[in-house]
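Here's a quick tour for anyone meeting this structure for the first time. Take a look, then read on.

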Amino acid sequence: MDGNGRWAKKRLLPRFIGHQKGLNAVKRVVSHCSELGVRSLTLFAFSTENWRRPEDEVNKLMGLFLKALQREVGKLDENNVKLQIIGDRSAFSEEIQANIELAESRTADNVGLVLNIAANYGGRWDVVEAVKKWQEKNPHSPISELDEQALGQHVCLAGLPEPDLLIRTGGEQRISNFLIWQMAYTEFFFTPTLWPDFDESSIDEAILSFSQRERRFGKTGDQVKSC
Ligand code: IPE
Ligand code: MG
C-alpha cells in the first residue's frame, strides 16, 4: 500500500494525514473484496524495514494500527472476515500484541474473506522462520530432507492458495521484500494511483487486467489452451 506520504505532500498536509486516508482505502478495499468473494487478501502495512522511518512517523503508524485493531474488528466480524496478522509481532508494544490476539481470536471461526495484515513482515524473515519451524518440528531430520513442499508448509499463509495477483500502488515497480516465496507465480499489476486514492474501481481494473492474462506455469501457450 504505497503512496500515502506523497498523497499528503501533494496537498501540503503532514504525512500522517496520508496514512489516515490510507486506512479509509483499506476499509473500502476490504469490503469490496469481501463482496466480490475474494478468498484471501494480504495487505503490506508495515515492513521490517519501515522501522528506519523517523521516530515520530513510526509512533503515529503504531497508534493508527492500534486504533484500527480496536475499532474495526467488530465490523470485520459482522462481515464474516477472518483477520490474521503476519510478521514478527514481538517487536510491537504489549498493548498492540494483546489487541492482535483479541482480534484474531474473535474472528478465527469466520469463513468469509481471509484478511492478512503484514506487519513487521519481511519475505526473507518469513523464509528463515520457516526453516527454523521445520527444524523444530523435525529435530532428527537432516537438512537434506527439507524440500520446497516442506518449506512451503511453514511459511506465512501456508494453507491458503498462493496469491494470484499482486497490486502495487504509487508507481513503484518492485516487490520490496513482500511475499517473496509465495509469489513465485503471482501476476503483478502496477498502478500510479496513490494508495489513499485506491478504490473499488481500482480493484476492478486490476482484476480485469488479471483476467486477461494467460498463466502458463512453465508450459507452452498451446499446452495451456488444450486443457
Ligand atoms: C504507505 O505509504 C506505506 C507505509 C509504510 C504505511 P508511504 O508512507 O510509503 O508513502 P510514500 O511512498 O512516502 O508516498
Ligand atoms: Mg513508500
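**Around ligand 1**

Helix α1 gives the largest share of the shell around ligand 1, three residues; helices here are DSSP runs of H or I with at least four residues, strands are runs of E with at least two, and both are numbered from the N terminus. This is a predicted model, where local features need pLDDT of at least 70, side-chain atom pairs count only at pLDDT 80 or more, and totals for chains, interfaces and linings use all residues. Residues are numbered from 1 along each chain as its sequence is written, chains are lettered from A and ligands numbered from 1 in the order written, and side-chain values use heavy atoms, leaving out hydrogens and water.

- α1 (4-10) and α2 (15-36) each bring at least two residues to that shell.
- Among the residues surrounding ligand 1 are Met1, Asp2, His19 and Leu61, where being near takes a heavy atom within 4 Å.

**Polar contacts of ligand 1**

- Arg15 has a polar side-chain atom 2.9 Å from an oxygen atom of ligand 1; a polar contact is a pair of N or O atoms within 3.5 Å.
- For Asn4, a backbone N or O atom sits 3.1 Å from a ligand 1 oxygen atom.
- A polar backbone atom of Gly3 is 3.4 Å from an oxygen atom of ligand 1.
- Of the 390 Å² of accessible area that ligand 1 has on its own, the protein covers 86% (Shrake-Rupley method, 1.4 Å probe).

**Aromatic pairs**

- There are 10 aromatic pairs, counting Phe, Tyr and Trp (six-membered) rings with centres within 6.5 Å; planes under 30 degrees apart are stacked, over 60 edge-to-face, and the rest tilted.
- Phe44 and Phe178 are stacked, at 4.5 Å centre to centre and 15 degrees between the planes.
- Phe44 lies in strand β1 (residues 40-47) and Phe178 in the loop between β4 (165-168) and β5 (187-190), so this pair ties together parts 134 residues apart in sequence.

Terms used
A polar contact is a pair of N or O atoms within 3.5 Å; within protein, one must be able to donate a hydrogen and the other to accept it, and residues adjacent in sequence count only if both atoms are side-chain atoms.
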